[in-house]
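Notebook open, structure loaded. I want to look up how the pieces pack and then follow a few residues.

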Amino acid sequence: MNAYDEYMKQVVKPMREELVEAGFRELTTADAVNEFMAEAKGTSLVVINSVCGCAAGLARPAAREAVAAVKPDYLVTVFAGQDPEATAAMRGFFEDVPPSSPSMAILKDGELAYFIPREQIEGFPVEQITAHLTGVLEQTCEK
């Protein structure tokens with residue numbers, strides 16, 4: 001591993017842990033994504049994590065707060081820019097949606113039910129993003 005890779009691994013460690021500590025399972029390989037998607041029944045929240053400020057200050061806090069209020073069956077995350085194969089594999093399951101990070105996908109039985117792109121995260125108050133995601137989870141988890 002080169003110095004840059006080691007540096008980035010250390011830099012993103014707390015960004016990964018923030019979601020893992022909230023109950024999210026990291027999918028770091030394409031195989032892990034494909035295995036998860038083959039078995040995912042019920043409602044899943046997928047957070048496409050990233051190192052940007054809107055992920056740190058908006059997306060991750062909103063995801064943590066929303067799942068504290070409404071718990072889907074599965075919580076998973078892929079890390080754009082850090083785990084490129086896993087991220088590409090996950091995005092392949094909702095290929096009609098342009099790549100966006102951070103972003104959040106709500107899946108029902110492995111099918112995309114709702115997508116919150118970066119454009120609906122960046123520049124919005126965290127409380128608004130949390131309310132948006134919580135509302136979508138309430139509706140999706142009920143069905």
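**Entry 1: α1 against α3.** I started with α1 and α3, which pack with their axes 9 Å apart and at an angle of about 25°. I took axes as lines fitted to C-alpha atoms, for helices over the stretch in contact, with angles running from 0 to 180 degrees between N-to-C directions. That makes α1 and α3 roughly parallel to each other, where under 35 degrees counts as roughly parallel, over 145 as roughly antiparallel, 65 to 115 as roughly perpendicular and the rest as oblique. On the α1 side I find M15, E18 and L19 in the contact, and on the α3 side A56, R60, P61, A63 and R64. Contact here means heavy atoms within 4.5 Å. Helices (H or I, at least four residues) and strands (E, at least two) are DSSP runs, numbered from the N terminus.

**Ground rules.** I am working on a predicted model, where local features need pLDDT of at least 70 and side-chain atom pairs count only at pLDDT 80 or more, while totals for chains, interfaces and linings use all residues. Residues are numbered from 1 along each chain as its sequence is written, and side-chain values use heavy atoms, with hydrogens and water left out.

**Entry 2: α1 by itself.** Helix α1 covers residues 3–20, 18 residues in total, and I get 25 Å from its first C-alpha to its last, close to the 26 Å expected at 1.5 Å a residue. The expected span is 1.5 Å times one less than the number of residues. Where does α1 bend? I find the bend at V12, about 40°, with the proline P14 following within four residues. A bend is the angle between axes fitted to the seven residues ending at a position and the seven starting there. I listed the buried residues of α1 as M8, V12, M15, R16, E18 and L19; buried means under 20% relative accessible area, exposed over 50%, partly exposed in between (1.4 Å probe, protein chains only). Those residues pack against β1 (25–26), β2 (43–49), α3 (53–69) and β3.

**Entry 3: α3 by itself.** α3 has 17 residues and reaches 24 Å from first C-alpha to last, close to the 24 Å expected at 1.5 Å a residue. I see a kink of about 30° at A59, shortly before the proline P61. Its buried residues are C54, A55, L58, A59, R60, P61, A62, A63, A66 and V67, and they pack against α1, β2, β3, β4 and α5 (126–142).

**Entry 4: L19 and T77.** L19 sits in helix α1 and is buried, with a relative accessible area of 0%. Leaving out residues up to four places away in sequence, L19 touches F24, V47, N49, R60, A63, R64 and T77. I also checked E138: it is 119 residues from L19 in sequence and 20 Å away in space, C-alpha to C-alpha. Next I went to T77, in strand β3 (residues 74–79). Is T77 buried or exposed? T77 counts as buried, at 5% relative accessibility. Its side chain reaches the backbone oxygen of V47 at 2.8 Å, inside the cut-off for a polar contact (a pair of N or O atoms within 3.5 Å; within protein, one must be able to donate a hydrogen and the other to accept it, and residues adjacent in sequence count only if both atoms are side-chain atoms). With residues up to four places away left out, the contacts of T77 include L19, F24, V47 and N49.

**Entry 5: α2, α4 and M90.** Helix α2 (residues 30–39) and helix α4 (residues 84–91) pack at about 30°, their axes 7 Å apart. α2 and α4 are therefore roughly parallel to each other. A30, V33, N34 and M37 of α2 meet E85, A86, A89 and M90 of α4. I followed M90, which is buried with a relative accessible area of 0%. Beyond its neighbours within four places in sequence, M90 is in contact with L27, V33, M37, V46, V76 and V78.

Entry 6: A cis peptide bond joins S101 and P102, with omega about 0°; P102 is in the loop between α4 and β4 (103–108). D109, in the loop between β4 and β5 (111–116), has phi near 50°, a positive value in a residue other than glycine. D109 counts as partly exposed, at 45% relative accessibility.
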